[in-house]
Amino acid sequence: MQEFISAIDIGTTKICALTAAVVHDSLGNLTLDVLGEGQTASQGIRRGVVVDVPAVTAAVHEAIEKCEAKAGQQILSAYVGMAGSHVATLNSQGVSPIDQRDGVTNADMQRALEAARAVALPETQEVIHTIARHWTVDDQSEVQNPLGMAGYRLEVDAHIVTGSSTAINNLVQCIVTHGIDIDELVLEPLASNEAVLRPEERRMGVAVVDIGGGTTDIAVFADNGLCHTEVLDVGGNHLTNDVAVGLHAPFKTAEELKLRYGNVIPERVAEDEKVWATVFGEKAERSFSRRFICQVLEARAMEMLELIQEQLRKSGYLERLPAGIVLTGGASQLPGFTELGRRVFNMPVRVGAPRSDLPISGLSRAFQSPGYATTVGLLLWGLHEDARAVQRGFEAEAGGEEAAWLNQAVGWLRNLLPG
Ligand SMILES: Nc1ncnc2c1ncn2[C@@H]1O[C@H](COP(=O)(O)OP(=O)(O)OP(=O)(O)O)[C@@H](O)[C@H]1O
Ligand SMILES: [Mg+2]
């Protein structure tokens with residue numbers, strides 16, 4: 001078990017590092033106490049993918065240094081978020097015979113998962129996650145944890161996440177250069193949902209949609225488990241860019257206008273309200289209609305929401321989300337997003353920040369906002385890994401013959417199923 005857990009979130013607009021001590025609370029549960037936080041503006045990332053290794057390496061260094069200085073100690077290893085449209089996901093099945101004498105063993109479960117993982121992939125892709133969704137023992141389906149169950153045939157429904165080897169190698173390079181080991185690469189929507197979803201939402205069926213700067217990450221929970229993940233190439237930068245193009249203004253000016261005056265429901269701002277900004281080729285500021293800026297934002301936000309809806313429809317889960325959509329990520333804070341989302345989806349929509357009841361203390365207010373769902377989620381992912389390590393320790397003490405084997409998938413399932 002680790003004493004400290006760290007997370008590095010390399011986003012399109014910002015790079016964040018968090019480091020926390022693992023603490024046993026009075027009930028014996030594991031919790032986290034955040035010791036250090038670091039953040040810097042991102043460089044060398046486009047749409048969630050590293051396009052300039054030296055630039056990203058330098059920015060990561062800055063975030064890590066700030067975090068380490070606050071924590072007063074070095075980061076030795078970290079959970080690292082990963083996104084980008086190179087990520088592909090699929091659901092797959094695997095089967096293994098059961099050693100009848102002992103019931104289902106960890107080894108049986110691993111064999112079933114390995115069979116599920118054996119999907120044909122292009123040479124340039126590799127598997128990042130194999131997540132058990134459901135188990136079936138003979139004719140009993142929807143088994144959450146089959147360990148020890150009697151039967152002949154074990155089957156697993158697994159969610160497989162793959163990514164481009166080149167993109168993965170570049171990302172890894174930017175971290176390990178600093179002497180930091182990677183505990184695990186974690187697909188960003190898998191991290192962010194940990195921070196924002198309520199257990200009952202996951203149980204009912206929900207999609208968490210993390211709208212960042214360069215990507216929109218989707219994770220769908222239905223049928224009592226994770227069923228779909230996806231990374232789309234759109235984000236808040238597209239909103240800013242449209243304003244920049246619409247006003248002939250620099251990106252930085254457009255970003256400021258968006259953050260200050262933006263609303264994706266133009267009727268909510270007065271028709272005659274004016275805002276002032278400098279445009280290309282002119283020294284003096286000139287005035288613009290605030291409503292016009294909001295109309296530009298509305299058009300793009302609608303397009304993004306409709307794209308998300310279309311992808312959910314394609315995945316086959318759009319009609320299976322009684323708990324609706326939870327929007328998170330920096331761009332979800334643009335006023336009016338929830339309302340526009342409700343109009344487009346015609347289902348419950350809310351904006352989710354890292355929950356206040358998470359087993360984490362010492363997190364600054366800044367990190368409790370929707371833009372940090374992934375960063376905080378990565379820490380939680382690590383904490384659950386630690387909880388599994390403790391579990392394995394107990395099994396080892398009990399002398400279980402496969403105790404040493406890390407049955408990651410059992411843990412994933414526990415992790416992703418309702419609390
Ligand atoms: N208060 C706010 N209102 C509106 N938009 C905001 C607000 N705060 C941040 N944003 C927007 O959110 C986006 C950044 O979101 P976030 O920090 O989640 O992205 P990221 O993690 O850097 O990128 P990604 O995850 O896409 O790689 C930017 O487009 C920014 O303009
Ligand atoms: Mg992000």
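**Figure 1. Packing of helices H7 and H8 in the predicted model.** The axes of H7 and H8 come within 11 Å of each other and cross at roughly 100°. Axes are lines fitted to C-alpha atoms, for helices over the stretch in contact, and angles run from 0 to 180 degrees between N-to-C directions. H7 is therefore roughly perpendicular to H8, given that angles of 65 to 115 degrees count as roughly perpendicular, under 35 as roughly parallel, over 145 as roughly antiparallel and the rest as oblique. Helices (H or I, at least four residues) and strands (E, at least two) are DSSP runs, numbered from the N terminus. Leu 257, Lys 258, Arg 260 and Tyr 261 of H7 meet Arg 290, Ile 293, Cys 294 and Leu 297 of H8, where contact means heavy atoms within 4.5 Å. By class, this contact of H7 with H8 has five nonpolar, no polar and three charged residues. Ala, Val, Leu, Ile, Met, Phe, Trp, Tyr, Cys and Pro count as nonpolar, Asp, Glu, Lys and Arg as charged, and the others, Gly among them, as polar.

The model is predicted, so that local features need pLDDT of at least 70 and side-chain atom pairs count only at pLDDT 80 or more, whereas totals for chains, interfaces and linings use all residues. Residues are numbered from 1 along each chain as its sequence is written, chains are lettered from A and ligands numbered from 1 in the order in which they are written, and side-chain values use heavy atoms, with hydrogens and water left out.

**Figure 2. Packing of helices H6 and H7.** Helix H6 (residues 236-247) packs against helix H7 (residues 251-261) at an angle of about 110°, with the axes 8 Å apart. The two helices are therefore roughly perpendicular to each other. Their crossing is right-handed; a crossing is right-handed if the near helix is turned clockwise from the far one by less than a right angle, and left-handed if anticlockwise. On the H6 side, the contact is made by Gly 236, Asn 237, Leu 239, Thr 240, Asn 241, Val 243, Ala 244 and Leu 247. H7 contributes Phe 251, Ala 254, Glu 255, Leu 257 and Lys 258. Seven nonpolar, four polar and two charged residues make up this contact of H6 with H7.

**Figure 3. Packing of helices H6 and H8.** H6 and helix H8 (residues 290-315) have axes 9 Å apart and pack at an angle of about 140°. This angle makes H6 oblique to H8. H6 passes H8 in a right-handed crossing. His 238, Leu 239, Asp 242, Val 243, Gly 246 and Leu 247 of H6 meet Phe 292, Ile 293, Val 296, Leu 297, Arg 300, Ala 301 and Met 304 of H8. The residues of this contact of H6 with H8 divide into nine nonpolar, two polar and two charged.

**Figure 4. Loop residues with positive phi.** Most residues other than glycine have a negative phi. His 248, in the loop between H6 and H7, has a positive phi of about 55° although it is not a glycine. With a relative accessible area of 56%, His 248 is exposed (buried means under 20% relative accessible area, exposed over 50%, partly exposed in between, with a 1.4 Å probe and protein chains only). Asn 346, in the loop between H9 and S18, is not a glycine either and has a positive phi of about 55°. Asn 346 is exposed, at 70% relative accessible area.

**Figure 5. Surroundings of Met 347.** Met 347 is found in the loop between helix H9 (337-345) and strand S18 (349-351). A relative accessible area of 16% makes Met 347 buried. Leaving aside residues up to four places away in sequence, Met 347 touches Leu 318, Leu 321, Gly 324, Ile 325 and Arg 342.

**Figure 6. Surroundings of Thr 215.** Thr 215 lies in the loop between strand S12 (206-211) and strand S13 (216-222). Thr 215 counts as buried, at 6% relative accessibility. Its side chain is joined to that of Asp 217 by a polar contact of 3.1 Å. A polar contact is a pair of N or O atoms within 3.5 Å; within protein, one must be able to donate a hydrogen and the other to accept it, and residues adjacent in sequence count only if both atoms are side-chain atoms.
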